[in-house]
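Please work through each task with the sequence and coordinates at hand before reading its solution.

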Amino acid sequence: MFNNYFAFKENEDTKLKSKRNLRNEIKTKCHHNQSEKLHSSSFVFKMFSTKEIYSIIKSIKSKNTYGYDEISTKILKINSNYITSPLTHTCNKIIVSGSFPDGLKFSIVKPVHKKGDRTNYYNYRPISLLTSFSKVFEKAIYTRLIEYLLNYKILSESQYGFRKGLSTENAIFTLVNEILNNQNNKINSASVFCDLQKAFDTVNHDVLLNKLQIYGIRGKAKKLLETYLRNRYQRVQITTQGSRNKTLSKWIKLTQGVPQGSILGPLLFLIYINDFPKIVEPFALPIMFADDTSITMKSHNNTQLQWELNTVMTQINEWFQDNLITMNLNKTYLMQFTNKSSNNHDLQIEIEKNQYCLNK
């Protein structure tokens, strides 16, 4: 049950998405070809030196935990002088062949209780343990990929998550600054704070690969990332409290999502949602921290603000559907910001002919 839940299998949302999968994939590809121009440059992996791989090994956190191969990062770092050369050779082989090794695509998942009833698996979150060697190769690929994305300024300026030099403080400052400027200019504003359901786990591989192509990641580089995503397996390990006895589930194949607990996963997710801000700009200000998303609109007139709000929400709801991401409306909130002298107006969000009043 844990394994199926963490793999997002046998879920009603998944069943619903699978029915419209083909229609949405075609629609998404057309949609993104219109909203994003094909990047003129193509990304090419440069070979790695032993000095670079040695530096990568040393930069990985030293931990005693390990994946299914039972080799921890602590052991890896202790033996870095002896394994740097063969790992450099292997890493360059991966780049030249455009293929990520199948043996590094197995993860052990441990359920960690969050809150609530301990007998309900919905109240647990997964901690994924990957192989230590996978982390080395992933970080190597990451360094080349992020360098390309930053050099060509591909990543959206609205994205603050998993970006060096940017943090939640930067995102909060941008939001607060926008609201205060609006109030100083006697302009009413409203923000929608979207909750995305299992966003990292529901990334569609075909859609992501199509976007990689658009951003100039083609040929062997794209093939490498495709083999990194495909044919991944996981199994759940449960250790009985007060005992060393371990219970393991069967291996289960993952058909969607980016690898949880990985180094490349978060960056691939940023690429997946990178075109989202263009859907709402310039009508609204999008601020994103990974999958945490807020959209802020402004207007002198409440009637106009209401119209803009519904127009933007219709657009983003269509984008989420096209990209097979579920917006949880029960946890999505609307907050209106007005001056004391202004009349507060109950704004209504209308999505697919259903009205939602989310004032908080």
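The model is predicted.

**Exercise 1.** Characterise the largest cavity by volume and lining.

*Solution.* 
Step 1. The structure contains three cavities of 30 Å³ or more, and the largest has a volume of about 240 Å³.
Step 2. Its lining comprises 21 residues, of which Asp201, Gln234, Leu254, Val258 and Gln260 are the closest to the centre.
Step 3. Strands β1 (106-113), β2 (124-129) and β5 (232-239) each contribute at least two lining residues; the largest share, three residues, belongs to β5.
Step 4. Sorted by class, the lining has eleven nonpolar, seven polar and three charged residues.

**Exercise 2.** Which residues line the second largest cavity?

*Solution.* 
Step 1. This cavity holds about 60 Å³ of space.
Step 2. Lys63, Thr65, Tyr66, Gly67, Thr73, Leu129, Leu130, Ser132 and Lys135 form its lining.
Step 3. By class, three of these are nonpolar, four polar and two charged.

**Exercise 3.** Describe the open sheet of four strands and the helices packed on it.

*Solution.* 
Step 1. The strand order is β8-β9-β3-β11, with antiparallel pairing.
Step 2. β8 (285-289) and β11 (333-337) each have a single partner strand, so one side of each lacks a neighbour in the sheet.
Step 3. Neighbouring strands are turned by 15 degrees against each other on average, direction ignored.
Step 4. β3 (residues 188-194) and β9 (residues 292-299) pair over seven bridges; Val192 has Ile295 of β9 as its bridge partner.
Step 5. Helix α8 (residues 168-184) touches β3, β8, β9 and β11, and its direction makes about 160 degrees with that of β8.
Step 6. Helix α13 (residues 302-322) touches β3, β9 and β11, at about 150 degrees to the direction of β9.

Key. Residues numbered from 1 in each chain as written. Predicted model: local features only at pLDDT ≥ 70, side-chain atom pairs only at ≥ 80, totals over all residues. Heavy atoms only, no water. 1 Å grid on protein atoms, 1.4 Å probe; cavity = no way out; pocket = protein on both sides within 12 Å on 5 of 7 lines; lining within 4 Å. Points joined across faces, edges and corners; volume = space filled by probe spheres on them. Nonpolar A, V, L, I, M, F, W, Y, C, P; charged D, E, K, R; others polar. Pairing = 2+ DSSP bridges. Axes fitted to C-alpha atoms, helices over the stretch in contact; angles between N-to-C directions. Contact = heavy atoms within 4.5 Å.
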